[in-house]
Amino acid sequence: MLVSTLALRRPTWTQPRVLRTEVLAGLVVALALIPEAISFSIIAGVDPRVGLFASFTMAVTIALVGGRPAMISAATGAVALVVAPLVREHGLDHLVLAVLLGGALQVVLGVLGVARLMRFVPRSVMTGFVNALAILIFAAQVPYFVAVPWAVYPVAALAIAIMVFLPRITTAVPAPLVAVLVLTSATALAHLALPDVGDQGALPDSLPTLFWPDVPWTWATLTTVAPYACGIAVVGLLESLMTAKLVDEVTDTPSRKSREAWGQGVANIVTGLFGGMGGCAMIGQTMINVRSGARTRLSTFLAGSFLLVLVVGLGDLVATIPMAVLASIMVMVSVGTFDWHSVRPSTLRRMPRSETSVMVVTVAVVVATHNLAIGVVAGVIVAALLFARRVAHLVTVHRSLEHEGQRVRYTVDGELFFASSNDLVGQFSYGEDPDDVVVDLSRSHVWDASTVAALDAVTTKYSARGKNVRIVGLNDASAAMHGRLAGRLSAEV
């Protein structure tokens, strides 16, 4: 019943107001995709057409098969960084093969339920991911404001002013689109010679065609391409699922992560078949789309379709758009993406230091490597280590004598796993205790083999002194693990 209610509440593009919002948002995203796709093509070492066509095929395909409505997928910097060495050493054909294999691997991982691993990403890592992404988006715009004609700065200031103040007057038309149309016209009429989209690279003048990689189909080719295919798959899935989770929170709507995972694979396979460089979800363009009011698949489909129409049919006009305007749009996206609440002094004072440390590590690694996937993995690892350290300190061992000192009982309180059980052996008074020793685990849980090995060590130390040890209070799961492994972890057994 709840699912049906949510489905009824979701906007549909057949409603006139929703249709207008979706169309305008798709147009704004298409304009923002052009310089990004060209830039990522340069990073990957391929012709700009490869990145532009990849953005078209990714967006259109994911609109049909993806699990997160309104999310934009296209050629991305993360994937470009992964494949750049392959292109440099082996060329475009090997890149396309890597994209095809990476897409197939994403389909397999999606079907196997890799999306469920997202629940292991802590909130502090998510916050670091968002903040690092905002920093990278901002940093990517800086070159467009360095060593440029003086007119770039007033044009950029006007673009930002339009995006800040126009929404206070009306939201009927996305402010970024107004900024592009007004300022492109103004600079053309004023005959201002500003860096524009055309300066970023040649725009295609024909439609994409099917492409099949011309490579030797040998084991050597597979071993060459496989590591890059794995990189495309893992980096693409991680960024896409993180972006989907962020959009879920921003829009307060659910999405199907497993479908998104294999949908990204299908989109990469289609992209590879048209000679594209592969990609994944784009957080910057996705946030432009969402903040423009888009909520359905139509905006994603139209973003890809408009992109193709703009670069192929209207390439001469698109080439005249000042980069100062598009860079200003991305600057506003970065400002809106950054979680300013997370760095307020009041928040930092209340937040546990471990949570803040995880966020800082995530941001630092992402900014240093320019790779969101590496930063997220580093953040998760640090969060896991800090959590293990914190939980390990919560284990206590209480010693009490019973039966007039003829028996000693050790009550263990807390979760026993590799981090906490390592100190367990040193908590017992082997020489001072009586011959009858009881280890009470009714207030704890045995999680792993390290704990069983620690309990074996305790028993062995007492046995060497001729003392009897009984382990009591094990719950069913702990008793099953202890019974299966106790006395069998030594190499001598």
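Two strands pair if DSSP finds at least two bridges between them. In this predicted model, strand 5 (residues 436-446) and strand 6 meet that condition, with five bridges joining them. The two strands run parallel. Two of the contacts can be named. Valine 439 has isoleucine 471 of strand 6 as its bridge partner.

Strand 4 and strand 5 are joined by nine bridges and run parallel. Here arginine 409 stands opposite valine 438 of strand 5.

Strand 5 is mostly covered, with eight of its 11 residues buried.

The structure holds nine salt bridges. In one of them, aspartate 440 pairs with arginine 409, and the closest N and O atoms are 3.5 Å apart. Aspartate 440 lies in strand 5 and arginine 409 in strand 4, so this pair ties together parts that are 31 residues apart in sequence. Aspartate 440 has a relative accessible area of 12% and is therefore buried, the limit being under 20%. Both residues belong to a network of salt bridges that links Glu402, Arg407, Arg409 and Asp440.

A salt bridge also joins arginine 399 to aspartate 433, with 2.7 Å between the closest N and O atoms. Arginine 399 lies in strand 3, whereas aspartate 433 lies in the loop between helix 18 (418-421) and strand 5, so the pair ties together parts that are 34 residues apart in sequence. Arginine 399 is partly exposed, at 34% relative accessible area. Aspartate 433 is buried, at 4%.

Another salt bridge joins the side chains of arginine 49 and aspartate 47, at 3.1 Å from N to O. Arginine 49 counts as partly exposed, with a relative accessibility of 29%. Aspartate 47 also counts as partly exposed, at 35%.

The nonpolar interior was examined next. In soluble globular proteins, nonpolar side chains tend to be buried together. The largest nonpolar core here has 102 residues. Ile34 and Met277 have the most contacts inside this core. Helix 2 (residues 16-44) supplies the largest share, 12 residues. Apart from this core lies another, of 20 residues, which includes Phe428, Ala454, Val469 and Met481. Beyond residues up to four places away in sequence, isoleucine 34 touches Leu52, Val197, Leu203, Leu307, Leu310, Val311 and Val318.

Threonine 243 is found in helix 9 (residues 219-251). This threonine counts as buried because its relative accessibility is 1%. Not counting residues up to four places away in sequence, threonine 243 touches Met71, Phe129, Ala281, Ile283 and Thr286.

Conventions: Residues are numbered from 1 along each chain as its sequence is written. This is a predicted model: local features need pLDDT of at least 70, side-chain atom pairs count only at pLDDT 80 or more; totals for chains, interfaces and linings use all residues. Side-chain values use heavy atoms; hydrogens and water are left out. A nonpolar core is a set of buried Ala, Val, Leu, Ile, Met, Phe, Trp, Tyr and Cys residues joined through side-chain atoms within 4.5 Å. Buried means under 20% relative accessible area, exposed over 50%, partly exposed in between (1.4 Å probe, protein chains only). Helices (H or I, at least four residues) and strands (E, at least two) are DSSP runs, numbered from the N terminus. Contact means heavy atoms within 4.5 Å. A salt bridge is a side-chain nitrogen of Lys or Arg within 4 Å of a carboxyl oxygen of Asp or Glu.
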